[in-house]
Every structure is written in structure tokens, then in C-alpha cells.
Amino acid sequence: MKANYDIFFDKLLKVEGGFTDDPHDRGNKRGDGHGNRGSTNLGVTAKVWAEFTGKPAPIEVMKKLTKDDVKEMYRQNYWLAVYGDHLPNGIDISVSDFAVNSGPGTAVKNLQRVVGATQDGAMGPQTLGMVHDKDIAEVLRDLATQREAYLRSLSDFDRYGKGWLNRNEDVLEKAMGVAYGPR
């Protein structure tokens, strides 16, 4: 739902943290596409920031990013990409967070798998209709299970897996709270 974007964004920044140039992070290995070393701030990689702004994103630019700087990027690149404004309460947050970590196409494919839609990674009327026809709690639990399986399949799970799984559990709890109220 459109009204939930700020809830999603605030929760996201609590887990994404500040600046890092971890050389083991796949997002940092790609650089910024303009010859600069890769880095991440507030969960945004230099490559993503450079693509969003159309400008190079060297480390000194990345270190200066603020919450206000990245808010619109997250809305455009992830929330709107998965049709967050049109998803039921809770599912919007879960799918959008999945998209931030794994890409919108992967997040949507996993949602489509959960609801029985064609798994093409593109959110459309068929997928949206099927999502709205399902029980929200069931979709959220099944999507968290799909996300965990996906995360466990990644080559760097041994390094980052514990944090990823904790995040997946936290997102499920937050999404359930948004869908049904605090428990």
C-alpha cells in the first residue's frame, strides 16, 4: 500500500547501516561503472547510485549519502518496481525488502511461486490479482520460506548468511505487524 512506503524505508535503513567498502560484498566488487572502487552506504552500492544519478559514485560521494539522498532511489528502484503501492499491507514490505537484497525480478518470481502465478519476474495484473486472493499471513510465511531457500543457495551464504536470515525473520515480523497490527 502506498501509505506503507515510509514504514518500509525506515525499517530498511535500520538494517542496512552505514558506509562499508567490504571487498567480499558482491555489490562492491562491481565498482561504480565509471572506474571507481565499489562501496556501499545506507544499503546503496556505488553502481546502483551511479546508475540512479547518472554520475560517478567514488568513495567520497558514497560516504556523504544521507537518508534523504537515498529515499527516492529506494522508492523508484525497489518499491515501485515490485508495485509496492498495489500490494496488500505487509506483503508490500516483505517483497520490497526482498527486492533490495536480491533484485526486484527475483523477489517477484518468488512471490509468483508462492501464489501460483507464472514465474516471469514481472509484476502484472495476474500476479497482483492472485496475491490479493490469498491469505496475507500465508503469503508472508511462504515468501519468507522462499527467501530463506534463495539466500541459502548463494555462494556467500557462509559469510553473510546469519545476518541475512535474521533480517528475513525481522522482515516477516514487521510485515505481519503491518498487516495485522502489533502482536
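## Fold

Along the sequence, the elements of this predicted model run α-α-β-β-α-α-α-α-α-α-α-α. The chain has 10 helices and two strands, taken as DSSP runs numbered from the N terminus (helices H or I, at least four residues; strands E, at least two). The radius of gyration is 16 Å, close to the 16 Å from the globule rule for 183 residues, so the chain is as compact as a globular protein of that length. That radius is taken over C-alpha atoms, and the rule is 2.2 Å times the number of residues to the power 0.38.

## Packing

Of the 183 residues, 45% are buried (under 20% relative accessible area, 1.4 Å probe, protein chains only). Among contacts (heavy atoms within 4.5 Å) with a separation of 6 or more, 56% join residues 24 or more positions apart.

## Largest pocket

The largest pocket holds about 870 Å³ of space. A pocket is an open set of points on a 1 Å grid over the protein atoms alone, where a 1.4 Å probe fits, with protein on both sides within 12 Å along at least five of seven lines; lining residues have an atom within 4 Å of a point. Grid points are joined across faces, edges and corners, and the volume is the space filled by probe spheres set on them.

The lining has 30 residues, with D25, G27, V100, N101 and W164 nearest the centre. Elements giving two or more residues to this lining include α1 (5-16), α6 (91-102) and α10 (157-180).

## Basis

Residues are numbered from 1 along each chain as its sequence is written. Local features need pLDDT of at least 70, side-chain atom pairs count only at pLDDT 80 or more, totals for chains, interfaces and linings use all residues, and side-chain values use heavy atoms, with hydrogens and water left out.

Conventions: Buried < 20%, exposed > 50% of the residue type's maximum accessible area, 1.4 Å probe, protein only.
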